[in-house]
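Subject: Structure handover

Hello,

Here is the structure we spoke about. Please open it alongside this note; my findings follow below.

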Amino acid sequence: MSLPGSTIEAPVTGTRPTPPRAHLFTAGTVEDYRRAVTEGIDRVASRVAGVDRPGTGITPDELAPRVAGIDLDRPLGDTTAALDELHDVYLRDAVYFHHPRYLAHLNCPVVIPALLGEAVLSAVNSSLDTWDQSAGGTLIERRLVDWTAGRIGFGPAADGVFTSGGTQSNLQALLLAREEAYARIVGGGTDRPSRPEVLSRLRIITSTAGHFSVQKAAKLLGLGADAVLTIATDAGRRMRTDELAETLDRCRRDGQTVLAVVATAGTTDFGTIDPLDRIAEICTAAGVWLHVDAAYGCGLLVSPTRRHLLAGIERADSVTVDYHKSFFQPVSSSALVVRDRRVLRHATWHADYLNPARMAERRIPNQVDKSLQTTRRFDALKLWLTLRIMGPEAIGSLFDEVVDLAAAAFRLLADDPRFEVVTRSQLSTVVFRYLPPGAGRDVVDDANLYAREALAASGAALVAGTKVDGAHHLKLTLLNPETTLDDIAHVLDLIAEHAGWYARTRATA
Ligand SMILES: *Cc1c(COP(=O)(O)O)cnc(C)c1O
């Protein structure tokens with residue numbers, strides 16, 4: 001017998017290696033696909049059911065030899081064996097965001113409709129760059145961009161594109177804004193300044209609580225991180241608009257062009273929302289592009305009770321949304337949405353083999369015309385099935401639950417003399433620190449750092465850390481509606497135990 005894809009006769013006895021073609025997902029292998037994927041799903045399901053802490057606290061030194069010890073040139077040739085091995089190097093010690101005591105970063109538990117979407121999109125494997133590689137996928141993505149634009153309050157000229165995350169959405173927004181500013185500066189004049197000269201005069205403004213991806217984007221856009229001017233925040237950790245107005249004036253006097261103001265709707269650390277209406281007013285008066293980074297706060301777009309917190313977002317020129325943060329979607333799922341679709345031309349490049357200009361003339365929808373990526377996942381399908389199965393209000397009410405929980409956690413901490421709590425979040429973070437009685441500043445810092453690490457090493461809970469005005473603090477990012485106030489109270493007791501032990505040990509050392 002001759003096997004498909006093989007030129008040699010298979011031996012009649014003994015274990016037969018599977019011919020390479022049998023691994024391809026084709027009409028002839030759908031039963032293998034069903035079996036393999038079901039086996040994988042079963043492993044994940046039983047692991048998730050058995051998880052009793054968010055992480056095992058394993059260290060890179062412990063885990064690295066296990067991964068390094070695997071010979072990638074000697075396949076196991078068998079799904080079950082590979083999944084057994086995967087358990088050892090990944091599933092057993094992974095960090096599980098669905099666990100109620102995972103309280104660290106902006107990672108959400110994910111909804112089942114989105115996992116279904118993930119399974120479908122990777123199997124069909126559409127690529128959203130061109131119509132001729134996706135068909136319906138392109139239309140579904142476009143509907144979701146339009147739907148999001150509608151929730152933002154943009155008019156019919158709005159458009160946008162899915163991206164891999166907030167970092168990429170912010171980069172693209174600032175690229176578009178840079179090109180608009182550049183065109184304005186060089187447009188019309190006969191005495192055209194050189195591009196480097198123009199770039200050296202461009203500035204971006206954000207607050208000190210803005211996301212670091214703004215600085216990163218400035219570097220990638222040829223401006224350098226110094227081109228980002230940071231505005232102080234008020235007591236509520238929101239951008240100070242008096243300083244914003246002053247900075248815009250100063251730039252104008254100094255012959256600098258502000259290509260964009262980046263307002264944050266949901267700062268990563270404090271969950272606070274810049275005063276969008278006032279900032280929009282200032283930007284309109286100054287003729288400056290307003291980008292709203294709503295990577296975190298976008299969940300409010302579907303909140304049944306808190307949509308008003310985003311008032312003013314409809315006045316932005318561009319908005320970043322991360323569905324993989326507050327829409328309970330698996331990574332990746334993000335979009336950049338712009339008020340006026342014409343600005344997307346700055347991301348367009350016509351390639352003869354892929355998206356020639358004549359296709360645009362014939363209005364063939366090629367999403368690559370507005371994307372920084374070429375081959376691109378059909379991430380939109382996850383959100384589509386989420387909306388079609390659950391609906392937007394169900395997502396919004398899950399987000400509302402964690403915002404309520406954060407408010408309750410804030411009160412719990414404010415009433416607890418062992419802790420000091422910073423700014424009340426408008427979303428779902430809580431920033432605080434343990435204050436060992438009578439300890440000096442260094443010990444307070446170190447005790448909080450120690451508590452975070454000790455907690456992570458035990459696997460009992462995961463919390464984040466950050467600095468507030470130079471001092472180490474701890475942070476809870478609450479995105480799991482299954483987390484209870486009791487969970488939080490318990491974690492606070494553990495933190496107090498670890499930090500208290502550390503401070504006492506230092507005092508007697
Ligand atoms: C998380 C975050 C980003 C970056 O988004 P990624 O999806 O991680 O790339 C940008 N801005 C804010 C405010 C964020 O919280």
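Does K325 count as buried or exposed? K325 counts as buried, because its relative accessibility is 14% and the cut-off for buried is under 20%. Please keep in mind that this is a predicted model.

**K325**

K325 sits in helix α11. The unreviewed UniProt entry lists K325 as "modified residue: N6-(pyridoxal phosphate)lysine". That label comes from the record. Setting aside neighbours within four places in sequence, K325 is in contact with L106, C108, A295, Y296 and L479. K325 is also among the closest residues to the ligand.

**The ligand**

The ligand is surrounded by 15 residues. The closest are G166, T167, D293, D322 and K325. By class, the shell has ten polar residues, three charged and two nonpolar.

Which helices each supply at least two residues of that shell? They are α6 (166–186) and α11 (323–326). Helix α6 gives the largest share, three residues.

- D322: an N or O atom of the side chain is 2.7 Å from an oxygen atom of the ligand.
- G166: here the backbone takes part, with an N or O atom 2.8 Å from a ligand oxygen.
- T268: a polar side-chain atom lies 2.9 Å from an oxygen of the ligand.

The ligand taken alone exposes 380 Å². The protein buries 86% of that area.

Two residues in the loop between α11 and β8 (334–338) deserve a check. One is F328. F328 is not a glycine, yet its phi is positive, about 60 degrees. F328 is buried, since its relative accessible area is 1%. The other is S332, which also belongs to the loop between α11 and β8. The peptide bond from V331 to S332 is cis. Its omega is near -5 degrees.

**A135**

A135 is another residue other than glycine with a positive phi, near 50 degrees. Look for A135 in the loop between α4 (112–124) and α5 (136–152). A135 has a relative accessible area of 32%, so it counts as partly exposed.

**N480**

Where is N480 found? N480 is in the loop between β12 (471–477) and α16 (485–508). Although N480 is in a loop, N480 is buried, because its relative accessible area is 4%. Leaving out residues up to four places away in sequence, N480 touches F97, H98, H99, P100, P109, V402 and L405. A polar atom of the N480 side chain also lies 2.9 Å from the backbone nitrogen of E482.

**P417**

P417 is in a loop too, the one between α14 (392–414) and β9 (419–421). P417 counts as exposed, because its relative accessibility is 77% and the cut-off for exposed is over 50%. How far apart are P417 and E197 in space, C-alpha to C-alpha? The distance is 56 Å, and 220 residues separate P417 and E197 in sequence.

**Where to begin**

Start with K325, which is buried and listed in the UniProt record. After that, turn to the cis peptide bond from V331 to S332 and to the positive phi values of F328 and A135.

Best wishes

Key. Residues numbered from 1 in each chain as written. Predicted model: local features only at pLDDT ≥ 70, side-chain atom pairs only at ≥ 80, totals over all residues. Heavy atoms only, no water. Near = heavy atom within 4 Å. Polar contact = N/O pair within 3.5 Å; in protein donor to acceptor, adjacent residues only side chain to side chain. Areas by Shrake-Rupley, 256 points an atom, 1.4 Å probe, with all protein chains shown as cover. Helix = DSSP H or I, 4+ residues; strand = E, 2+ residues; numbered from the N terminus. Nonpolar A, V, L, I, M, F, W, Y, C, P; charged D, E, K, R; others polar. Buried < 20%, exposed > 50% of the residue type's maximum accessible area, 1.4 Å probe, protein only. UniProt positions renumbered as here; feature names shortened; annotations may be inferred. Contact = heavy atoms within 4.5 Å.
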